[in-house]
Amino acid sequence: MDLVDEICATVRTFPEYELFALNLQMRKAAVSIPCNIAEGHGRFSYRDFRHFLRQARGSGLELETQIIIAKRQTYLSEERAEALLAQAERVGQLISGLIRHITKLLDQATENGERTTKNATPRIPTSTRR
């Protein structure tokens, strides 16, 4: 959510003619990250959760590319772009760790002959809800 706030604040400084182009794409990609995590967490399947986490990771990579484009178009300073890229990379690392964790749970459930669809998904620790 902090990354979304940073992106929204940043794109407000873009030229007016970018309002419906890169500006909009960056906001959509940033918002898509926590929305996919929330949607996946609301599903009752580890497989679905992992699928939406992968979607969130893809949106993060899309956002990183858009940040680089904005920097190359001189809409962002080098320092601002680097700060946003570092934040996006950290979010991606957290998502990747959660994907690995869910994959382990899926593998364990399959090995034990358990159903992989549960009545509830695992709780995400509050520290990763960013």
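Student: Which residues of α2 are buried?

Tutor: In this predicted model, the buried residues of α2 are L22, N23, M26, A29, A30, I33, P34, N36, I37 and G40.

Student: And what covers them?

Tutor: The cover includes α1, α3 (46-72) and α4 (78-111).

Student: Let's take α1 then. How do the axes of α1 and α2 cross?

Tutor: Helix α1 covers residues 2-11 and helix α2 residues 22-42; their axes come within 9 Å and cross at roughly 170°. Angles over 145 degrees count as roughly antiparallel, so α1 and α2 are roughly antiparallel to each other.

Student: Which residues make that contact?

Tutor: On the α1 side you have L3, V4, I7, C8 and V11, and α2 brings N23, M26, R27, A30, V31, I33 and P34. By class, the contact of α1 with α2 has 10 nonpolar residues, 1 polar and 1 charged.

Student: OK, and how does the end-to-end distance of α2 match what you'd expect?

Tutor: The two agree: at 1.5 Å a residue, the 21 residues of α2 should span 30 Å, and its end C-alpha atoms are 30 Å apart.

Student: Switching to α3. Is Q66 buried or exposed?

Tutor: Q66, which is found in helix α3, is buried, with a relative accessible area of 7%. The cut-off for buried is under 20%.

Student: What's Q66 in contact with?

Tutor: Leaving aside neighbours within four places in sequence, Q66 is in contact with L22, Q25, M26 and A29. Among those, L22, M26 and A29 are on the list of buried α2 residues.

Student: Now α4. What about V91, buried or exposed?

Tutor: V91 sits in helix α4 and is buried, at a relative accessible area of 13%. The C-alpha atoms of V91 and D2 are separated by 9.7 Å, with the two residues 89 apart along the chain.

Student: Zooming out, how many helices and strands does the protein chain have?

Tutor: There are 4 helices and 0 strands, and from the N terminus the elements run α-α-α-α.

Student: How much of the chain is buried?

Tutor: Buried residues make up 38% of the 130 residues in the protein chain.

Student: And what share of contacts comes from residues 24 or more positions apart?

Tutor: They account for 69% of the contacts in the protein chain with a separation of 6 or more.

Key: Residues numbered from 1 in each chain as written. Predicted model: local features only at pLDDT ≥ 70, side-chain atom pairs only at ≥ 80, totals over all residues. Heavy atoms only, no water. Axes fitted to C-alpha atoms, helices over the stretch in contact; angles between N-to-C directions. Helix = DSSP H or I, 4+ residues; strand = E, 2+ residues; numbered from the N terminus. Parallel < 35°, antiparallel > 145°, perpendicular 65-115°, else oblique. Contact = heavy atoms within 4.5 Å. Nonpolar A, V, L, I, M, F, W, Y, C, P; charged D, E, K, R; others polar. Expected span 1.5 Å × (residues − 1). Buried < 20%, exposed > 50% of the residue type's maximum accessible area, 1.4 Å probe, protein only.
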